[in-house]
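Try each task before you read its solution.

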Amino acid sequence: MANVLSEEKKQQVLALGRLGWSLRQIQKATRIRRETASQYLKAAGIAVRPPGAWGRRAAKPANEVITDFGAGKPAIPVIADLNCNPKTNPENQNPAAKGKATSKPANEVITDPEVITDLNRVQPDEVSALPSEQAAVPQRSPSTSACEAYRDAIEMGLSRGRNAMAIWQDLVDQYGFASSYQSVQRFVRKLRGTQTPEARVVITTPPGQEAQVDYGTGPMVRDRKTDKYRRTRLFVMTLGCSRKAVRLLTFRSSARIWAELHERAFRRLGGATRTVVLDNLREGVLVPDIYDPALNPLYRDVLAHYGAVAMPCRIQDPDRKGKVESGVGHAQKTPLKGLRFESLEEAQAYLDRWEERWADTRIHGTTKRQVAAMFAEERPALLPLPLEPFRYYQFGERTVHLDGCVEVEAAYYGAPPGWIGRRVSVQWDSRQVRLLNPSTGQLLREHLRQARGGHRIQEQDRPKHAPLGTQQLLNRADQAGEQIGMLCRSMHKEHGQNAVRRIQGMLSLAKKYGAASVDEACGTALEVGSCEYRFVRRYLERHPQMPLSLRQVDPLIRELTVYRDFIDNKTKGD
């Protein structure tokens with residue numbers, strides 16, 4: 001074969017061929033050329049159905065050629081009516097009618113009652129001549145679906161939520177089902193129409209407890225940047241108790257826009273609910289999980305700022321937030337259907353007027369009460385708004401580099417020791433940068449924002465071998481000795497940045513010769529007016545420190561007789 005198919009494609013072609021599909025249908029469904037599919041079917045011994053012959057019987061034999069001009073026209077058996085009207089005979093009609101009646105070849109008329117009886121009689125020899133397999137298979141009624149014998153399996157698949165295509169594939173694989181997919185599709189549609197729908201639970205919530213949020217498709221609004229109409233997004237927040245809704249329009253969505261829409265909705269309602277039920281969209285939920293979802297940190301902090309907690313729904317479970325789903329559909333079908341607006345402000349103003357004039361004054365279908373009246377009762381139960389709005393920030397993850405810093409917008413901020421090569425969570429705004437433990441959320445370091453290329457490192461985070469700054473060196477010189485500090489500051493005042501190495505040398509001399517000797521040498525250098533490191537070093541080399549002499553008389557030194565008497569007292573017992 002010119003084209004070698006994979007085992008999966010080969011089995012797919014063979015299965016469709018066994019179902020009686022034509023080569024054109026197989027090519028359209030599998031995108032495999034008809035020539036290739038035909039070769040595989042013939043190699044497997046499967047008959048290839050010609051195009052357009054679906055469900056047809058075997059071809060009829062050709063009509064017999066009659067050479068006798070006196071013979072009648074080709075005929076098929078027709079039973080003659082014994083009480084026929086002679087006018088119906090073409091020989092008794094006028095020429096015009098005769099021509100019309102004989103325009104088509106007449107069929108042979110059988111008038112013998114015995115022949116008619118033979119045609120209706122079934123011969124036993126013909127039945128016994130049929131193959132045993134065909135005689136054993138019961139024939140179904142033409143009006144009965146081929147899927148009726150597999151009703152239990154199909155109903156079991158529907159109860160598991162499987163669609164018609166999956167059920168058809170299971171029937172072919174497990175039961176050798178020979179009919180087409182369309183047969184299963186029609187049978188499934190019939191079963192679903194007869195199924196009794198399950199009752200839906202009405203979720204009732206106390207006042208101020210729950211709000212449901214969701215996105216929907218908004219109207220077409222002209223964008224000022226492109227001067228073209230764009231499809232907007234409709235944000236809806238619906239209170240679970242009173243069904244009061246806040247509807248806001250936006251062109252695009254992001255984590256910050258999603259959080260800002262919640263804040264605007266809380267401000268319009270005059271308070272916040274304790275829980276917010278939402279879908280598993282990316283702006284609110286990073287990793288969906290019914291038991292432990294990973295929330296977007298910005299969205300989580302905005303809700304925490306207002307005292308609310310996010311409660312994501314189960315995946316593919318829209319009934320949990322059916323109140324906001326109904327609110328989205330209500331706005332799409334009633335006020336916004338078929339309208340276009342020239343600006344986003346115009347569209348929002350129109351939506352707000354409709355909300356106040358119609359949506360709030362309607363009698364809700366479930367509660368049978370006015371929405372505005374119920375919201376007036378629920379509003380005191382909402383949580384009070386904070387005094388200040390939330391301060392938004394950006395967030396991300398960064399790797400701590402070898403210098404112990406992370407890079408945020410081209411500036412560098414120090415991390416605690418032991419985090420080199422590890423990932424940390426970073427939050428930053430226009431004023432501060434915060435480094436957090438990604439596992440626990442614990443605050444590791446907080447820095448003020450730096451300009452591009454700047455560094456911000458706390459003292460305890462600096463490496464041990466990092467060079468100290470000039471001011472730090474001068475402070476250490478002051479701590480080593482008064483004269484040392486004065487001499488180092490004089491050198492820095494006279495030589496500037498070149499004196500940094502000399503100040504380091506002075507501190508090194510203090511470690512080698514002692515702070516007292518170096519302080520004395522610095523005092524001598526100041527007296528003679530030579531504020532140089534070299535003078536102090538030579539002075540210490542030429543005037544070494546006098547060795548310490550042991551004192552012979554001191555209050556701490558006891559007489560030898562005291563030790564003698566002590567030893568005698570201890571050894572008397574021996």
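**Exercise 1.** In which strand is the place of Trp 428? Find it, then describe the surroundings of Trp 428.

*Solution.* Before starting, note that this is a predicted model, where local features need pLDDT of at least 70, side-chain atom pairs count only at pLDDT 80 or more, and totals for chains, interfaces and linings use all residues. Residues are numbered from 1 along each chain as its sequence is written, and side-chain values use heavy atoms, leaving out hydrogens and water.

Step 1. Trp 428 sits in strand 12 (residues 423-428); strands are DSSP runs of E, at least two residues, and helices are runs of H or I, at least four, each numbered from the N terminus.

Step 2. Trp 428 counts as buried because its relative accessibility is 5%, and buried means under 20% relative accessible area (1.4 Å probe, protein chains only).

Step 3. Leaving aside residues up to four places away in sequence, Trp 428 touches several residues, including Tyr 393, Phe 395, Val 408 and Arg 449; contact means heavy atoms within 4.5 Å.

**Exercise 2.** Which residues of helix 19 and helix 20 meet?

*Solution.* Step 1. From helix 19 come Ser 517, Val 518, Glu 520, Ala 521, Cys 522, Thr 524, Ala 525 and Val 528, and these meet Phe 535, Val 536, Tyr 539 and Leu 540 of helix 20.

Step 1. Sorted by type, the residues of this contact are nine nonpolar (Ala, Val, Leu, Ile, Met, Phe, Trp, Tyr, Cys and Pro count), one charged (Asp, Glu, Lys and Arg) and two polar (the others, Gly among them).

How values were computed: Buried means under 20% relative accessible area, exposed over 50%, partly exposed in between (1.4 Å probe, protein chains only).
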